[in-house]
Amino acid sequence: MISKFAQDCYDLLRKIPKGKVTTDKIIAEKLGKKSYRAVGQSVGANPNIPSTPCHRVVKSDGGLGGYAWGIEKKIALLEQEGVEVADGKII
């Protein structure tokens, strides 16, 4: 069963447009919370890849972070959407 918190995170993920990225911290702030680590755990446990686009969540420093289907797939998805990636970071 998916918690309400996780569902709220997934609802926000589905609102991120193609070609844009966000961070766990920004998602937490949009939810009125300070628990960005909990957001990261929810995003990492996303049961609906790719319809819930967790590949659009990156680290606050522009680093790519992880991805359940592998970092190469995350880079490919982001680049297909027009996001520039170099040396493991968003440009």
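Trainee: Does Tyr67 count as buried or exposed?

Mentor: This is a predicted model, and the answer rests on a computed accessibility. Residues under 20% relative accessible area are classed as buried. Tyr67 has a relative accessibility of 12%, so the class for Tyr67 is buried.

Trainee: Which kind of aromatic pair do the rings of Tyr67 and Trp69 form?

Mentor: The structure holds one aromatic pair. A pair of aromatic rings is described by the distance of the centres and the angle of the planes. Planes over 60 degrees apart count as edge-to-face; the rings of Tyr67 and Trp69 have centres 6.2 Å apart and planes at 70°, so the pair is edge-to-face.

Trainee: Leaving aside neighbours within four places in sequence, which residues is Trp69 in contact with?

Mentor: Trp69 lies in the loop between strand 2 and helix 4 (71-80), and with a relative accessible area of 47% Trp69 is partly exposed. Once the neighbours within four places in sequence are set aside, the residues in contact with Trp69 are Ile49 and Pro50.

Trainee: With the side chain of which residue does the side chain of Arg56 make a polar contact?

Mentor: Arg56 sits in the loop between helix 3 (36-44) and strand 2 (57-58), and Arg56 is buried, at a relative accessible area of 7%. Not counting residues up to four places away in sequence, Arg56 touches several residues, among them Ile16, Pro17, Leu78 and Glu81. The polar contact, at 2.8 Å, joins the side chain of Arg56 to the side chain of Glu81.

Notes: Residues are numbered from 1 along each chain as its sequence is written. This is a predicted model: local features need pLDDT of at least 70, side-chain atom pairs count only at pLDDT 80 or more; totals for chains, interfaces and linings use all residues. Side-chain values use heavy atoms; hydrogens and water are left out. Rings of Phe, Tyr and Trp (its six-membered ring) pair if their centres lie within 6.5 Å; planes under 30 degrees apart count as stacked, over 60 as edge-to-face and the rest as tilted. Buried means under 20% relative accessible area, exposed over 50%, partly exposed in between (1.4 Å probe, protein chains only). Helices (H or I, at least four residues) and strands (E, at least two) are DSSP runs, numbered from the N terminus. A polar contact is a pair of N or O atoms within 3.5 Å; within protein, one must be able to donate a hydrogen and the other to accept it, and residues adjacent in sequence count only if both atoms are side-chain atoms. Contact means heavy atoms within 4.5 Å.
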